[in-house]
Amino acid sequence: MHLQIIVEVERRGSLTAAADALSLTQSALSHSIKKLEKQLGALIWVRDGRQLCLTQAGRYLHSLAGRVLPQLSLAEDHLGQFSAGVRGTLRVGMECHPCYQWLLNVTDPYLRAYPDVDIDVIQKFQFGGLDALLNHEIDMLVTPDPVLKPGLQFEPVFDYEQVLVVSDQHRLSANDWVTPEDLQSEILISYPVPLERLDIYRSFFTPAGFLPALHKRIETTDMILQMVSCARGVAALPRWLAERYAASMSLTVLRLGQSGIAKQIHLGMRKVDASVDYIAGFVDLARSMENSVEV
């Protein structure tokens, strides 16, 4: 308020005109000036006849006000937009490796629809994003395995099938689907994920009482499928991702079991944030694009 007073007095040329512009009485404005001068231990104005002239201290504060007040005004505008849910940074945590490639299909149309919102994708929370969401380190968690917790909600946005990928030359490549027993002599290649989080173990091997002969872990999808293409093992991936690669590599996609393994990508968020415009908008856009993921 003090900086606004200095700007208005200098702009209007008198205390009376400045007081009117600031919706203050002249007495209240004069009191504010005297209080500020007492706090600073320096005069802000001196009188030259009927004219008020800024002192050296006053000129410094006037220059400071010219820099600070526009920034404060902009900050107020932005905070109002934050409150309305139309501006901010959406911090997205990834809890599965293929989810990142799914996310890329959503980010471009989302950034176009919300030009005042940035997306920060945080992958260090892979396979441990629930605590990050609860601790406000991220705003949204992309996961195929939602966990119900007080204060959180998970929205399904994308249905997919978990499938097996083998080389075109593999002995099983002519099949439509495979059994756990079919794979007990195989090398399974997966992302570096604990076994209990791998669908092929939870929903395929473990219930049947079978295991692959060997399990290798590789960080990247490209390298996993290069290995599979060269008949160095088999891998389980979402169908949409597997078919994208199968189109350009020597790969065959097979169902895991006669009925397959159905999965969903969920978006997790704090319930108090679910109605924020740019968070709810991301959920709506992700759900609307379910049938348009590129393969």
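# Exercises on a disulfide, a pocket and a cavity

The largest cavity has a lining of 26 residues, and those nearest its centre are Pro98, Gln162, Tyr191, Leu198 and Asp199. The model is predicted, so local features need pLDDT of at least 70 and side-chain atom pairs count only at pLDDT 80 or more, while totals for chains, interfaces and linings use all residues. Residues are numbered from 1 along each chain as its sequence is written, and side-chain values use heavy atoms, with hydrogens and water left out.

**Exercise 1. Describe the largest cavity by its volume, its lining elements and its residue classes.**

Step 1. A cavity is a set of points, on a 1 Å grid over the protein atoms alone, where a 1.4 Å probe fits but cannot get out; lining residues have an atom within 4 Å of a point. The count is one cavity of 30 Å³ or more.

Step 2. The largest cavity holds about 330 Å³ of space. Such a volume is the space filled by probe spheres set on the points, which are joined across faces, edges and corners.

Step 3. Elements that each supply at least two lining residues are helix H5 (97-113), strand S6 (152-167), strand S8 (187-190), helix H7 (199-208) and strand S10 (234-238). S10 has the largest share, four residues. Helices (H or I, at least four residues) and strands (E, at least two) are DSSP runs, numbered from the N terminus.

Step 4. The lining divides into 19 nonpolar, three polar and four charged residues. Ala, Val, Leu, Ile, Met, Phe, Trp, Tyr, Cys and Pro count as nonpolar, Asp, Glu, Lys and Arg as charged, and the others, Gly among them, as polar.

**Exercise 2. Find which element gives the most to the lining of the largest pocket.**

Step 1. A pocket is an open set of points with protein on both sides within 12 Å along at least five of seven lines. The largest pocket has about 150 Å³ of space.

Step 2. Its lining consists of Leu15, Ser30, Ile33, Lys34, Glu37, Trp45, Arg47 and Leu52.

Step 3. H3 gives the most, with four.

**Exercise 3. Locate the disulfide and state whether Cys96 and Cys99 are buried or exposed.**

Step 1. A disulfide is a pair of cysteine sulfur atoms within 2.5 Å. Cys96 and Cys99 form one, at 1.7 Å from S to S.

Step 2. The angle about the S-S bond is 105°, and the link is right-handed.

Step 3. Buried means under 20% relative accessible area, exposed over 50%, and partly exposed in between (1.4 Å probe, protein chains only). Cys96, at 9%, is buried, and Cys99, at 1%, is buried. Cys53, at 24%, is partly exposed.
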